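Colleague: Could you take me through this model when you have a moment? I would like to go feature by feature.

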Amino acid sequence: MTIAYTSDLHVDSSKENARIPQAILRILKEKKPDVFIITGDICHSLKTLEEVLSIFKSLSCTKLFVPGNHDIWAHGEYTNSYIKYYDLLPKAAKKNDFIPVWIEPYVTGDYGFCGSMGWYDYSFKPENLNISENIYKEKIYEGYTWMDKIYAIFINDEKVISDKDITMLLYKNFIEQYREISKNVKKIITLFHHVPFREMILHRKYPVWNFFATYMGSDCFGDFLIESKKIELVLYGHSHIKQQKKIIRPTMTHPFTVVSSPFGYFRSEGLRPESRWHRERLSFIEV
Ligand SMILES: [Fe+2]
């Protein structure tokens, strides 16, 4: 099975980013994968997200999607990220022939696909920054703001849900899915937006960079995956750094590959000619 995957198209961030969907459609038509996967961060607007997903309607392959933090941002008429995640985005995906994998896992032959947007519970906070948890909750450091503070607003039963509770909720959803498909398949491929393994986090000598790495993901998803006997491949997005690593920990039953292939923002992650960027950030893998 050939899987094409990418993430972090951010089509609303520049004219170069806006050109990505049509460019990768051309590559997908040429390479004809069996499965095409986007692991989040298409854009803020639900209307634009639907337009992007609809561009791939002519492809006959199976299309899978999980949203990223930018996709769930409370934006325009939509003021609740919880409703976007559980209701509006699954409908938008289905309407455009993408399977909303975080709601409905997908099984084909021996393989099962399940996933989650993932979130952060501050478990990735840097060890050498001795600051209180309230600062991480505030999402402001040295004059910089992590913009989820303003736009990621999860409200359920009229209460705003904390980052730790969002992480736990999504983690429970994910485990239920995993257990459901695990009975029927030999191998599992997981799709996340946030980073499930701290091994994939790049720390630098700048405290500001390391502070904001806290919002890259959470240990809980990775700690669950390493116990799994069926994981074959883990895909994620969010960090805007293209990476591929074998995760090897002492308690693992078998090592498996963890991969990201994000576009990110053209101004900081783009390549010229743009065709090079498109070929590099739309990745193909055989399983
Ligand atoms: Fe992103």
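Predicted model: local features only at pLDDT ≥ 70, side-chain atom pairs only at ≥ 80, totals over all residues.

Colleague: Is Ile37 buried or exposed?

Modeller: Ile37 counts as buried because its relative accessibility is 0%, where buried means under 20% relative accessible area, exposed over 50% and partly exposed in between, with a 1.4 Å probe and protein chains only. Ile37 lies in strand S2, residues 35-39, strands being DSSP runs of E with at least two residues and helices runs of H or I with at least four, numbered from the N terminus.

Colleague: And which residues does Ile37 touch?

Modeller: Leaving out residues up to four places away in sequence, Ile37 touches Ile3, Ala4, Tyr5, Thr6, Leu64, Phe113, Leu191 and Leu235, a contact being heavy atoms within 4.5 Å. Leu64 is 27 residues from Ile37 in sequence, yet their C-alpha atoms are 4.8 Å apart.

Colleague: Switching to the backbone, which residues have a positive phi?

Modeller: Among them are Asp41, with phi near 60°, and His240, with phi near 65°. Asp41 sits in the loop between S2 and helix H3 (46-55) and is buried because its relative accessibility is 1%. His240 is in the loop between strands S12 (231-236) and S13 (243-247), and counts as buried at 9%.

Colleague: Why bring those up?

Modeller: Most residues other than glycine have a negative phi, and most peptide bonds are trans.

Colleague: What about the cavity, which residues line it?

Modeller: The largest cavity is lined by Tyr85, Trp102, Gly115, Ser116, Leu170, Asn173, Phe174 and Gln177. Strand S6 (111-116) and helix H7 (163-182) are the elements that each give two or more residues to that lining, and H7 gives the most, with four.

Colleague: One last thing, where is Tyr151?

Modeller: Tyr151 is in helix H6, residues 148-151, and it is partly exposed, with a relative accessible area of 32%.

Key:
Residues numbered from 1 in each chain as written. Heavy atoms only, no water. 1 Å grid on protein atoms, 1.4 Å probe; cavity = no way out; pocket = protein on both sides within 12 Å on 5 of 7 lines; lining within 4 Å.
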